[in-house]
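Have a look at the structure first, then read on.

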Amino acid sequence: AGGPRGTAPGQQLRALFYALAPGESSFRTVEEVPDYVEKSIPFFITFIGLEFAVSWIQKRKLPGRINDGISSLSLGILSRLPDVLFRSIELISYIHVWNNYRLFELPWDSPWTWYLTLLGVDFAYYCFHRMSHEVNILWAAHQVHHSSEDYNLFTALRQSVLQKYTSWMFNLPMALFIPPSVFAVHLQFNLLYQFWIHTEVITKLGPLEWILNTPSHHRVHHGRNPYCIDKNYGGTLIIWDRIFGTFEAEDAKVVYGLTHPVNSFDPIMLQLRPLAHIWNTCWATPGFCNKLSVIFKGPGWGPGKPRLGLPEEIPVITGKEVPFNPRVPAYLNCYALVHFAVIVDLYIELLASMTMLSQGTVLLRIGFIILSLASFGLLMENK
């Protein structure tokens, strides 16, 4: 049937849309849970190709740019590299609470447990995602995902290295009663579902817009138009935004990216510069309480301002914004594409063979991948 239970190609495809039934995706132990994310890489590539084809048919233009696409994929690879060396902190912390502090144990093979975990993981994601926009130190990690000025399936893979080291704590209440194997499945499904909603080729989905997070809702979340700021935090479901007053329907044409664009394709700089900005702002702000506020209030906060800053200070959108797009020779784009493909192959091969390699070899390969990804970003900036 294509592999162990839960890994057949048809099941992997449906996992992207959270469309597996409880009986197909319930496991007794964490060790039995498939790595749905890594096994979805071929589908990521297929859907990206399909998006390019549909966009060309619809609009006679491609959905993104080479430099931004390489930057997004580089950030995605970079975000997964720690998992090569360490087990996921989200699972480690969850299993620790489960083993030592659980109050009672829901049955791992019950559909009711499966659906309750779906709601629990999605609500925890909503809470974490909202805090990531409203707490500056959390935003420093999460802003990586918002730094693209394109909106396409590449953007979905644009992830932060640091974000998982703060998100884990929002899931811990579930560890008091939900088995880790059930949690491990839904943690992946919630992430995979958010891949396909990063596109402009899908417009509206009718009645599903009331319940599910859709491409239309998520386009608003990625916008820097004033009406888009701090809206639509849901992962799989949009009901939490409707309940807690953070929902906004798509209206005026969305302009994507950060309110103050970073103008860089360097994945290392994109990961670290926000932390340097917080450090410099904190150092320059007088008063101990104000320094704490720089860290724990909103990104737009300043002395004398409300916690989330002043809405009138959000830059006005004219619709004529031009994305950062340095001109580079065509041969350089071709070189970057070919070399990037080699690095992707090296990364996939590393994942497949890391248990057979020495730690020194693994570290050398990771170092080479990071150096290469940083070099691609700098080349795309003409540096």
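## A buried glutamine

A residue is called buried when its relative accessible area is under 20%, exposed when it is over 50%, and partly exposed in between (1.4 Å probe, protein chains only). Gln11 comes in at 14% relative accessibility, so it counts as buried. You'll find Gln11 in helix 1, residues 9–15 (helices are DSSP runs of H or I, at least four residues, numbered from the N terminus).

The Gln11 side chain also makes a polar contact with the side chain of Glu24, at 3.4 Å. A polar contact here is a pair of N or O atoms within 3.5 Å, and within protein one must be able to donate a hydrogen and the other to accept it; residues adjacent in sequence count only if both atoms are side-chain atoms.

## How the model was read

This is a predicted model, with local features needing pLDDT of at least 70 and side-chain atom pairs counting only at pLDDT 80 or more, while totals for chains, interfaces and linings use all residues. Residues are numbered from 1 along each chain as its sequence is written, and side-chain values use heavy atoms, leaving out hydrogens and water.

## Two domains

The protein chain splits into domain 1 (9–266) and domain 2 (330–380), with bounds from an automatic or database domain assignment. Their C-alpha centres lie 25 Å apart. Where they meet, 15 residues of domain 1 are in contact with 21 residues of domain 2, contact being heavy atoms within 4.5 Å.

Conventions: Helix = DSSP H or I, 4+ residues; strand = E, 2+ residues; numbered from the N terminus.
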